[in-house]
Structures are given as C-alpha cells and as structure tokens.
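Hello,

Here is the structure I promised to pass on.

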Amino acid sequence: RAAMASLDDDLREIEALSAACQRPRVKAYLDAYAGQIRELMNAANSPPASVETPPTAGAALPTAGAAPAPAPAATPAPAPIPRGLPTPSQPVPLPTPADRAQAEPSLMYTGITGFAWDQDDYGKDPANVYVYLTSGLDGIGEAKECVHCDFGKRSFDLRVVGFKGKNYRLRKDNLDKDIEPSQSKVIVKKDRITIKLRKAKGAYGYDHWLDLVSKRGATPAAETKAAEADPGAGLMDLMKQMYDEGDDQLKKTLGEAMLKSRQEQMRGGTPAPDSPTFDD
C-alpha cells in the first residue's frame, strides 16, 4: 500500500511538470515516464491470475454443454518511449552550446539595446570587463535556466530564452580586445544579468579598453602583427584613436602633453621624434 501511494504521488508530480513544460522534447519524455508508472499501478491493482490445477478425485467434471472458462486478460505492453529519448533509468544529458544553437535557430529574439559596461582598474590581476543588463529583467534570478551565454576569443552571445514568454539577445562579435573564453562567465542575480569577460593578458599586461566594441576595422591578428613590428607606431595609433574618440577635455590634455614632450626634447638638444598630428 505504501508503494502504491508513492507511485501515485510520483505520477501526480510528473503530470504537473508535464502540464507546465514548454519544451516538446522534455514534455514527451515526462509523458512516456508517466505512462510507465500508470502501467505499474494497473498491474499492481490487478487480481493475480488463477492457476489451473488438475481436477482431484471425486471433483465434478464439467458437463458437455458447459461454457469454457474465460481466458485471463492480457497485460498491456508498456508504452514505447519516443525515439531518441533516454529511458527513465538513464541520465538525461545536459545540452551543450552546439545543441542549444541547433535547437534555437527558429526562435525570434528581441535585441537588448540598454546596457552599461565597465572594467577593472589598471594594475589589477586578473582584470575583467563587466557588461551590466538590468532593464526589463525583473525576476530573472528566479529563471536562471533561461539564461545562456557563449564566448569566443573576441565575442560573446547572450540569450535569454522563454523569460516571461519572450526571448532576448545581446551579441557582440568585435570586442575591443581579446578575452579568455574559458574564464569568462555570466552571473544572474535577482533583477539583473552581469557578463564577466576575462581580459587576455598581453606581453605588457592587460590592455585598457577604450570601448566595449572596437571601432577599428582591423582584425585582431592584423593589429597584433602591426604592434609587434612597430610598438611605437602602435602607441601613436592608440593616442590618435583616443584623440579622435575623446571629448574636448581629453583632446586638450593630449595636445598639451605632446607639446610639452616636444619642447623638452628640443631643449635637450635631441631632435624630437615624429609626433602625430591631430586634426579636429
């Protein structure tokens, strides 16, 4: 009786999970499992089949006109589990990023446009870049299973699938500098998501990011090759970019620094090296 009560409780819980499930593959697995439990319960409730024994001496033999005894009812065959699904005794494998990419190509996403980013101060080791998402994510901490993020050497792809009936996505594939994909992660809190990007350490430490996404057209390999060939030219390119993308105060500071450097070199009698000219 205790075993039957336990099976009944299992069946009710599986049926409730199946009713709330939105993934067809998981729902089919739960329904098949529920069918097997029903069959176990039916078999346990059925009366045991009678065993026919030979008539003993003196027992009345059936008359010629008597109807034959009915045959015992056949036990129904177990419901087949849909092809490709694991049996209840097998562990359910967790989906890999490739599995998710195959399962989600037909989903429609709403792009996430509101986010902020920051980075660790210079000199911190290891150093990270942080991307903060808060708008429209109230209660996301109760639905962590909806959040998926894949990382590349210079990219990340965040997807929030099935959260309050909607799908959201934030994808960046031209980050300002390289990252370490294996050491990057996504953190889900009560009402926000934080993407933690581990900076890749270069020959001179961790580079300072000027923006989350690079505005330059060069590929990472081309930038690295150019910097190795002429480190001074790479520094000048960086200063030129800072000047082009900076505000008026930054332009004024860079201009004064370059003028002061040139004047000091001229007073020392050493010809000043070529300096970049910045055009507004």
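Helices (H or I, at least four residues) and strands (E, at least two) are DSSP runs, numbered from the N terminus. Two strands pair if DSSP finds at least two bridges between them.

Some ground rules. This is a predicted model: local features need pLDDT of at least 70, side-chain atom pairs count only at pLDDT 80 or more, and totals for chains, interfaces and linings use all residues. Residues are numbered from 1 along each chain as its sequence is written, and side-chain values use heavy atoms, with hydrogens and water left out.

Strand 5 (residues 155-163) and strand 6 (residues 166-172) run antiparallel, joined by 6 bridges. Phe163 stands opposite Lys166 of strand 6.

**Cores**

A nonpolar core here is a set of buried Ala, Val, Leu, Ile, Met, Phe, Trp, Tyr and Cys residues joined through side-chain atoms within 4.5 Å. Buried means under 20% relative accessible area, exposed over 50%, partly exposed in between (1.4 Å probe, protein chains only).

The largest nonpolar core has 24 residues, and Leu133, Leu158 and Leu197 touch the most other members. At least two residues of this core come from each of strand 3 (128-133), strand 4, strand 5, strand 6 and strand 8 (193-198). Strand 5 gives the most, with 4 residues. In soluble globular proteins, nonpolar side chains tend to be buried together.

What does Leu197 contact, leaving aside its neighbours within four places in sequence? With contact taken as heavy atoms within 4.5 Å, its partners include Val129, Val131, Phe151, Phe156, Trp209 and Leu212. A second, separate core has 7 residues, among them Tyr29, Ala34, Ile37 and Met41.

**Cysteines and rings**

The disulfide count is 0, taking a disulfide as a pair of cysteine sulfur atoms within 2.5 Å. Cys146 counts as buried because its relative accessibility is 11%. Cys149 is buried too, at 12%.

Rings of Phe, Tyr and Trp (its six-membered ring) pair if their centres lie within 6.5 Å; planes under 30 degrees apart count as stacked, over 60 as edge-to-face and the rest as tilted. The count is 1 aromatic pair. Tyr130 and Tyr132 form it, stacked, at 6.3 Å centre to centre with 15° between the planes. Tyr130 is buried at 16% relative accessibility, whereas Tyr132 is partly exposed at 29%.

Best wishes
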